[in-house]
Amino acid sequence: MSRVTIRPPRASDVKQYAETVRRSAAHIGQWNPVEPDGLPDLLQRQGPGLRTYLIIDRADGGFVGKCNVSNIVMGRFCNAALGYDSYLPYAGTGRMTEGMRLVVDRCFADQLVGGLGLHRLEISVQPENERSIALARRLGFRHEGFTPRMLFLDGAWRDHERFALTAEEWRPLGAQEE
Ligand SMILES: CC(C)(COP(=O)(O)OP(=O)(O)OC[C@H]1O[C@@H](n2cnc3c(N)ncnc32)[C@H](O)[C@@H]1OP(=O)(O)O)[C@@H](O)C(=O)NCCC(=O)NCCS
């Protein structure tokens, strides 16, 4: 059984989220913005184009990580981008990978069963971010290409490697043993 669960964040998470992100600042900061007080704004922005999931440790309730499913476009595209951080002390224990598998599964699941009904997911990673590239590959994402000056991060337009996965390439977790 998975060591983690996922659920959307809620207002009562604000304090624990702030403590968790503050504790993890050095771990996150090299690659992503560090915003310990950012949860209220993130909660306000939840909607058809953005769904956030917290990855939670089953044993102690700690926040293992967060994944934003953003730029959600339905219609003929049914596509979204995944952005994520893992948090201390869980980073590097494999829990983030387990949680991301649950997030991907939820993204591809039909809306009738509580999924997002997406067909394609993208992950864009700076070329030097080896741990994130390793995570994308562990999830089965394919390398699709390189985009120069793709995202504005830490004061500059940063190059990114682009990975993607479509629903046809994903074996739903419900169909697997355990
Ligand atoms: C990218 C990031 C989310 C990856 O998360 P992570 O913490 O490495 O993910 P996991 O906890 O699943 O760790 C997997 C690692 O733990 C190891 N591990 C240890 N115990 C394990 C276990 N019981 N089961 C599976 N893996 C285990 C794996 O071998 C793997 O290490 P490897 O990549 O060297 O092979 C994280 O490094 C992070 O938050 N970085 C800063 C922000 C960032 O870069 N975000 C993404 C921007 S694109």
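Which residues does Ala-109 touch, not counting residues up to four places away in sequence? Select Ala-109 and you will find that its partners on that count are Gly-114 and Gly-115, where contact means that the C-beta atoms of two residues, placed from the backbone, lie within 7 Å.

Before going further, keep in mind that this is a predicted model, in which local features need pLDDT of at least 70, side-chain atom pairs count only at pLDDT 80 or more, and totals for chains, interfaces and linings use all residues. Residues are numbered from 1 along each chain as its sequence is written.

**Around Ala-109**

Ala-109 sits in the loop between α4 and β5; helices (H or I, at least four residues) and strands (E, at least two) are DSSP runs, numbered from the N terminus. Ala-109 is partly exposed because 19 other C-beta atoms lie within 10 Å; on this scale a residue is buried with 20 or more other C-beta atoms within 10 Å of its own, exposed with 12 or fewer, and partly exposed in between, the C-beta atoms being placed from the backbone. If you draw a distance from Ala-109 to Asn-79, C-alpha to C-alpha, it comes to 13 Å, for two residues that are 30 apart in sequence.

**Helix α4**

Now select α4, residues 95-108. An α-helix has 3.6 residues a turn, so residues three or four places apart point the same way.

**Along the paired strands**

Show the strands next, taking two strands as paired if DSSP finds at least two bridges between them. β1 and β2 run antiparallel and are joined by 4 bridges, with Val-4 standing opposite Asp-57 in β2. From β2 to β3 there are 6 bridges, again in the antiparallel sense, and Ile-55 has Gly-65 in β3 as its bridge partner. These two strands, β2 and β3, form a hairpin with 5 residues between them, and Gly-61 in the turn has a positive phi of about 75°.

Moving on, β3 and β4 are antiparallel and joined by 7 bridges, and the bridge partner of Val-69 in β4 is Leu-82. β3 and β4 also form a hairpin with 5 residues between them, where Gly-75 in the turn has a positive phi of about 65°. β4 and β5, by contrast, pair in the parallel sense over 3 bridges, and here Ala-80 stands opposite Leu-121 in β5.

**Backbone stops**

Select Cys-78 in the loop between β3 and β4: its phi is near 45°, a positive value in a residue other than glycine. Cys-78 is partly exposed because 18 other C-beta atoms lie within 10 Å. Arg-149, in strand β6 (residues 142-153), likewise has a positive phi, near 50°, but Arg-149 counts as exposed because it has 10 C-beta neighbours inside 10 Å. Then go to Pro-89, in the loop between β4 and α4, where the peptide bond from Leu-88 to Pro-89 is cis, with omega near 5°.

**Around the ligand**

Select the ligand and the 20 residues around it, of which Trp-31, Ser-86, Gly-94, Met-96 and Thr-97 come nearest; a residue is counted here if its C-beta atom, placed from the backbone, lies within 6 Å. The elements that give two or more residues to this shell are α2 (25-29), β4 (79-86), α4 (95-108) and α5 (130-138), and α5 gives the most, with 4 residues. Coloured by type, the shell divides into 8 nonpolar, 9 polar and 3 charged residues, where Ala, Val, Leu, Ile, Met, Phe, Trp, Tyr, Cys and Pro count as nonpolar, Asp, Glu, Lys and Arg as charged, and the others, Gly among them, as polar.

**Last stop: β7 and the annotated span**

Finish at Ala-156, in strand β7 (residues 156-166), which counts as exposed because it has 9 C-beta neighbours inside 10 Å. Ala-156 and Asn-79 are 26 Å apart, C-alpha to C-alpha, and 77 residues apart in sequence.
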